[in-house]
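Student: Before we look at the model, could you take me through the terms used to describe it, setting each value against its definition?

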Amino acid sequence: MLPSTLINLEKARALIADSNSQAQDILASVLAGFGLRNVVRVNTGREAQEELRARPVDLIFTDAQIKDVDGYDLIAWLRRQSSETLRQTPAILVSAHTPLRDVVRARDCGASFMVAKPLSPQVLLERILWVARSDRAFIECDVYVGPDRRWRNAGPPVEHPDGRRRDDQAAEIGQAADDNLSQTELDQLVKPQRTAA
């Protein structure tokens, strides 16, 4: 691993919220492999809220379908109703089902990222590194609280310059959209990129 990808997680504290104890074990062992051993496990969304009120953490992993308060609502609560010290805590939503509507729901509730099960240690480590190094602004307004959702319009995040999906826009296309080019001008920029993919 390159020095630029190293991160020390020994003093970090994480919360795993999942109703499945085997899923908790898998995630905890992957995190321990990264050096993150100070992990609190809870079985329900309400337990997660109680734990977060009692002791803040550095990183949250929650299953989307956790009991009581699902993962989406837990993150929405974290972003809107929790204390100021908790509000900006990175929260990664984990789910066995990731259709586009659920990915959009995760984005809109304020999740930092969504990771699909079965978990890949490499993908999980990438997301942790992205969160640790991210310069995404934290947005607080009437309709949304959470990490800036607009990164795709300005191209991929700095942490992943090649994009994550085949249809991610190049940075120059995002900039052109930000510069209010007409739809025809934007289509001209997008067409060559789509034919090359």
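Tutor: A disulfide is a pair of cysteine sulfur atoms within 2.5 Å, and by this rule the count comes to zero disulfides. This is a predicted model, in which local features need pLDDT of at least 70 and side-chain atom pairs count only at pLDDT 80 or more, while totals for chains, interfaces and linings use all residues. Residues are numbered from 1 along each chain as its sequence is written, and side-chain values use heavy atoms, with hydrogens and water left out.

Student: Why does Cys109 count as buried?

Tutor: Buried means under 20% relative accessible area, exposed over 50% and partly exposed in between, with a 1.4 Å probe and protein chains only. Cys109 has 9% relative accessibility and therefore counts as buried, whereas Cys141, at 36%, counts as partly exposed. Of the 197 residues of the protein chain, 43% count as buried.

Student: Why are H2 and H3 called roughly parallel to each other?

Tutor: The axes of helix H2 (residues 45-54) and helix H3 (residues 71-80) come within 10 Å and cross at roughly 25 degrees. Angles under 35 degrees count as roughly parallel, over 145 as roughly antiparallel, 65 to 115 as roughly perpendicular and the rest as oblique, and H2 and H3 are therefore roughly parallel.

Student: Which residues of H2 and H3 meet?

Tutor: With contact meaning heavy atoms within 4.5 Å, Gly45, Ala48, Gln49, Leu52 and Arg53 in H2 meet Leu74, Trp77 and Leu78 in H3.

Note on methods: Axes are lines fitted to C-alpha atoms, for helices over the stretch in contact, and angles run from 0 to 180 degrees between N-to-C directions. Helices (H or I, at least four residues) and strands (E, at least two) are DSSP runs, numbered from the N terminus.
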